[in-house]
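I opened the model to look up confidence, strand pairing and one annotated span. My notes follow the structure.

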Amino acid sequence: MSKLEVKDLHVSIDGKKILKGVNLTMNTGEIHAIMGPNGTGKSTLSQAIMGHPAYKVTQGEVLLNGENILDLPVDERARAGLFLAMQYPAEIPGITNAEFIRGAVNARLPEDKSLSIRKFLKKLDKTMQVLDMTEEMADRYLNEGFSGGEKKRNEILQLMMIEPKFAILDEIDSGLDIDALKVVSRGVNQMRGPEFGSLIITHYQRLLNYIVPDVVHVMMGGKIVKQGGPELAKRLEDEGYTGLRDELGLDIKLVDEEA
Amino acid sequence: MTIDVKKYPAIAEYAKETAEPAWFTELRIQSLEKAAELELPSFEKIRYQRWPIQLQQPLEKRNVQKELLEENDFEQTENMVVQVGQATLELKLSQEMRDQGVIICDWQTALHEHGELVQKYFMQKAVKFDEDRLTAQHVAYMTSGLFIYIPKNVILKDVFTSYFIQDATTKADYVHHVMLIVGENSEFSYLENLKTIGTEATTANIIVEVIAQENSHVKFASVDRLGVKTTTYLNRRGYLEKDARINWSMGMMNDGKIVGDFDSDLVGDGAHSEVKIVAISTGKQVQGIDTRVTNRGKHTIGHILQHGVILSRSTLTFNGIGHIIKGAKGADAQQESRVLMLSNKAKGDANPILLIDDNDVTAGHAASIGRVNQEQLYYLMSRGLPKKMAERLVIIGFLGPVLATIPSKAIREQLKLTIERKLIDGQKDE
């Protein structure tokens with residue numbers, strides 16, 4: 001079992017404070033969801049954990065199995081077991097999807113254990129079937145010209161091939177129709193198990209009907225303000241974030257709120 | 001004009017030894033005399049004039065030890081030539097090509113057996129022998145080359161591959177000429193590999209002339225890997241008649257100083273040239289690449305795409321020149337030059353130059369010097385790829401549009417490996 005801990009995390013971007021003391025602990029075998037209104041720092045949390053250079057951690061720590069990973073470069077965090085399915089994956093022409101995924105899978109294996117091409121292709125083929133992806137997607141250039149939905153599937157494909165300890169899914173549901181959402185959820189649910197944990201960031205409760213979380217965190221104003229079970233997500237869907245904010249007596253202006 | 005060959009004993013000796021035709025020897029001497037008066041060519045922002053780029057060694061026939069070659073691996077194909085220095089070690093031409101009247105031979109054979117064709121085209125149409133000092137020196141000192149003649153109405157699907165290996169195990173100038181004549185309605189695909197063996201400081205002067213006759217299609221691809229101590233003038237020029245087309249794909253993977261002068265003259269109406277170039281500069285290397293397309297005929301199309309990467313303390317200059325001559329109605333000149341910088345100490349330049357003398361035309365340009373895209377790098381690293389490997393992947397992607405146009409998969413893979421090796425070497429200095 002592995003453990004991911006975020007302790008009193010403060011993060012700024014371009015000098016602007018976004019996260020103001022986030023605390024969160026999760027173990028493999030668990031699925032956590034972070035919900036919250038737009039502009040509240042959900043994506044910032046995911047990028048800060050992964051190590052995007054534009055996000056500056058000004059205070060606090062992120063521990064993976066007790067070791068602070070904040071001093072590690074992005075690639076080492078990935079090899080230590082973190083994965084971030086991005087909201088806006090980069091497009092990289094000239095490298096095929098298959099070529100890239102194989103590189104990524106082998107990057108975390110010791111040289112003498114690297115996956116043979118045959119084994120790799122077999123696994124890739126099988127995984128792509130789970131995600132209803134056509135074979136030609138493997139030979140296309142990495143994300144180049146992919147539709148929004150194709151990009152999201154491709155993120156989950158990488159997740160399933162790489163098999164990280166912890167996967168953060170950053171608004172993996174945005175822009176997906178209901179069928180695509182089911183497919184993506186099927187992939188994530190297949191990953192569920194004692195050696196896998198996931199932190200699902202979403203604005204909507206809808207995704208959580210398909211991937212049922214063990215813990216739901218609500219984030220507002222750069223902090224986690226409430227925790228609960230799946231029922232918390234349902235309540236938010238019914239009452240909205242404003243209700244919860246007022247109940248908690250928070251003095252936070254929500255971006256989406258009408259002036 | 002009378003020329004006294006005896007005044008030039010080295011040339012006279014060489015001519016005797018190789019039994020070259022008198023007209024050719026006279027052209028050498030005429031060129032040598034002209035060279036003294038002519039200026040070195042000038043290219044925008046490429047200062048090479050003080051390099052040891054001028055030819056000075058007397059003409060001399062040199063033999064090559066065949067054992068040199070064994071260190072070099074090249075792919076055996078049905079249609080190929082291997083030349084080391086002045087010597088041709090292997091020349092294979094399929095029966096199919098022979099049956100269709102295709103002529104491919106080394107330079108001495110061409111002079112002896114196809115003198116009329118050579119005399120008609122050699123340094124007369126595409127490049128002129130008296131154009132500048134380097135072209136004149138080329139004619140005066142030329143000692144090796146290849147002659148290719150494709151008759152009209154011949155469609156060849158198979159690629160012809162040449163391996164030209166510059167011998168730098170001795171201090172000998174390398175003066176090499178390729179003459180490629182593709183007849184009316186014919187199609188030909190050619191792949192050229194330039195390489196150096198040995199590490200002596202040498203000068204290379206290489207000219208490739210492509211005459212694309214009416215409605216012919218030529219695919220010209222090259223992978224150039226001249227050595228670190230070879231200083232090179234490399235001129236490749238196409239002369240395109242009506243509706244002719246040349247697709248150029250060049251991988252400039254040299255390690256030494258080089259001036260690349262790549263021109264297409266779109267003489268006939270409807271002629272079309274696509275020029276794609278990738279270049280990597282490493283170490284303290286200086287590469288200047290001057291690519292020009294001249295639209296003379298009506299409705300001619302000239303497109304230039306150049307992508308380069310610079311590492312360490314190297315320099316890379318891309319000039320893209322689109323010149324539309326008055327009267328070339330409906331002509332189109334487009335170009336894009338981009339340089340990716342991996343080092344603060346490297347110098348890159350991309351100069352778009354459009355010279356337009358007619359109104360009824362379309363033209364455009366894009367040029368940039370930039371760094372590796374940080375979002376792409378972050379994305380790749382977030383999947384566990386180490387930074388340098390991620391950088392190399394992004395770069396190979398950046399060079400992709402040109403790599404994809406190399407006709408042979410084997411060469412494409414080999415070029416990819418060459419790029420990887422150059423990048424890995426270059427990254428060590430970062």
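The entries below go from confidence to chain A and then to chain B.

Conventions: I number residues from 1 along each chain as its sequence is written, and chains are lettered from A and ligands numbered from 1 in the order in which they are written. The model is predicted, and local features need pLDDT of at least 70, side-chain atom pairs count only at pLDDT 80 or more, while totals for chains, interfaces and linings use all residues.

Confidence: I checked pLDDT (the predictor's confidence in each residue, from 0 to 100). Chain A averages 93, with 98% of the residues at 70 or above. In chain A, the lowest mean, 87, is in strand 7 (residues 92-96), and the highest, 98, is in strand 6 (residues 82-85). Strands here are DSSP runs of E, at least two residues, and helices are runs of H or I, at least four, both numbered from the N terminus.

Chain A sheet: I found an open, mixed sheet of six strands in the order 6-9-10-3-11-12. Strand 6 and strand 12 (223-228) of chain A are its edges, each pairing on one side only. Two strands pair if DSSP finds at least two bridges between them. Strand 6 of chain A runs parallel to strand 9 (residues 166-170) of chain A, with four bridges; Leu82(A) is partnered there with Phe166(A).

Chain B: UniProt, in an unreviewed entry, lists residues 172-398 as "domain: SUF system FeS cluster assembly SufBD core"; such annotations may be inferred rather than shown by experiment. I read 61% strand and 9% helix for this span of chain B, with its end C-alpha atoms 37 Å apart. Strand 15 (residues 301-310) of chain B is parallel to strand 17 (residues 332-341) of chain B, through 10 bridges, and Gly302(B) is opposite Ala333(B). Strand 17 of chain B also has 10 bridges to strand 19 (residues 362-371) of chain B, again parallel; Ser337(B) has Ala367(B) as its bridge partner.
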